[in-house]
Amino acid sequence: MPAYKTVNEIPDDVDVAIVAVPAEAVTDVVLDCAAKGVHGLIVISSGFAETGEDGRKRQRHLVGLSRSYGLRLIGPNCLGVINTDPRVRINASLSSVMPARGRAGFFCQSGALGSAILEKVKTGAWASRPSSAPATAPTSRATTCSSTGRRTTPPRS
């Protein structure tokens, strides 16, 4: 795979950048992405609100900077995004498992739990359930925000 020192060195257009650098370097990457015309960021990097007051300030700065350039932001300190739609099919996450396409969506606040569930689905552990057990991995429409500790529920579609 070709590698580049900065986003600006990439000769093609970039739709989404997956950012996995030390927290102190994320701002520079965001600025590079904005200059390149990137539309979205998935920030895997940790070292933000989960680390205390300095991290909270760093996270607020990241969100404000992303918004000021019109960048969509997922993260920081997240597992990433997986889309199984055949027209998109992307695993922009830390998970080595690409789940099969299906009717259920899964949203998880915990990257470790999300990876463990994906692994169970991959190995068929959910298939060896008693007939009264759910047919898919457990899902929840609510989650707890890692930076604020508040419980949130996404809007129903």
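The lining of the second largest pocket divides into seven nonpolar, one polar and three charged residues. Here Ala, Val, Leu, Ile, Met, Phe, Trp, Tyr, Cys and Pro count as nonpolar, Asp, Glu, Lys and Arg as charged, and the others, Gly among them, as polar. The model is predicted: local features need pLDDT of at least 70, side-chain atom pairs count only at pLDDT 80 or more, and totals for chains, interfaces and linings use all residues. Residues are numbered from 1 along each chain as its sequence is written, and side-chain values use heavy atoms, without hydrogens and water.

Among the lining residues of this pocket are Met1, Tyr4, Lys5, Ile10 and Asp12. A pocket is an open set of points on a 1 Å grid over the protein atoms alone, where a 1.4 Å probe fits, with protein on both sides within 12 Å along at least five of seven lines; lining residues have an atom within 4 Å of a point.

Now helix α1, residues 26–36. Helices are DSSP runs (H or I, at least four residues), as are strands (E, at least two), numbered from the N terminus. Val26, Val29, Val30 and Cys33 are buried in α1. Seen down the axis of α1, these buried residues fall within an arc of 100°, so they line one face of the helix. The arc is taken over directions from the helix axis to the C-beta atoms. Buried means under 20% relative accessible area (1.4 Å probe, protein chains only). The cover over these residues includes β1 (16–19), β2 (40–43) and α2 (53–68).

Leucine 65 sits in α2. Leucine 65 counts as buried because its relative accessibility is 12%. Beyond its neighbours within four places in sequence, leucine 65 is in contact (heavy atoms within 4.5 Å) with Thr27, Val30 and Leu31.

Terms used. Buried < 20%, exposed > 50% of the residue type's maximum accessible area, 1.4 Å probe, protein only.
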